[in-house]
Amino acid sequence: MFDFNFYDPAPIDFHSVKRLLVDYIPGESDAFDSSKMSDAIVAQPEVGTTVKVPGDDDVYSFATVLDLQENCKDRFVQQILHFIRKKSLTAGKSARLLLRTAEKFLRLASAGGGALSASASAKSVGSDSESDEDSGASS
């Protein structure tokens with residue numbers, strides 16, 4: 001049995017976080033700059049959590065929020081948005097909803113919205129998706 005502990009992100013976690021990001025979308029490791037994104041994640045110890053086994057430096061999981069107002073011009077954010085757009089062209093309704101969500105995050109960030117909570121974003125996405133479907137709008 002393993003005991004897992006929760007820690008603040010730290011520079012020592014860079015390689016583990018990068019590995020998790022690269023492995024997250026198999027075959028798409030060049031879709032975004034995982035090094036820059038990993039840097040952004042470990043550079044903010046006050047935001048996020050890593051999961052490790054005590055005495056082991058490997059990160060098994062992490063959760064974080066990136067401030068889009070601060071990072072919206074970073075290349076990795078633009079690359080992720082491009083990746084989502086590209087994939088949504090061949091995917092169904094759920095991918096188009098994901099694309100609208102990503103675009104909404106970037107619009108809010110550039111307008112001064114900064115980091116958003118998951119509950120606030122889910123409410124606004126849900127209301128948009130209903131109005132889009134009612135009006136027959138498509139992406």
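Asp13 and Lys52 are both buried, buried here meaning under 20% relative accessible area, with exposed over 50% and partly exposed in between (1.4 Å probe, protein chains only). The two form a salt bridge whose closest N and O atoms sit 2.7 Å apart. Asp13 belongs to the loop between strand 1 (5-7) and helix 1 (14-24), and Lys52 to strand 2 (residues 49-52), so the pair ties together parts 39 residues apart in sequence. A search of the whole structure turns up one salt bridge, the criterion being a side-chain nitrogen of Lys or Arg within 4 Å of a carboxyl oxygen of Asp or Glu. All of this comes from a predicted model, where local features need pLDDT of at least 70, side-chain atom pairs count only at pLDDT 80 or more, and totals for chains, interfaces and linings use all residues. Residues are numbered from 1 along each chain as its sequence is written, and side-chain values use heavy atoms, with hydrogens and water left out.

As for the sheet, three strands make up an open arrangement in the order 1-2-3, with antiparallel pairing; strands count as paired if DSSP finds at least two bridges between them. Strand 1 and strand 3 (61-63) stand at the edges with a single partner strand each, so one side of each lacks a neighbour in the sheet. Strand 2 and strand 3 run antiparallel and are joined by three bridges, and Val51 stands opposite Ser61 of strand 3.

Note on methods
Helices (H or I, at least four residues) and strands (E, at least two) are DSSP runs, numbered from the N terminus.
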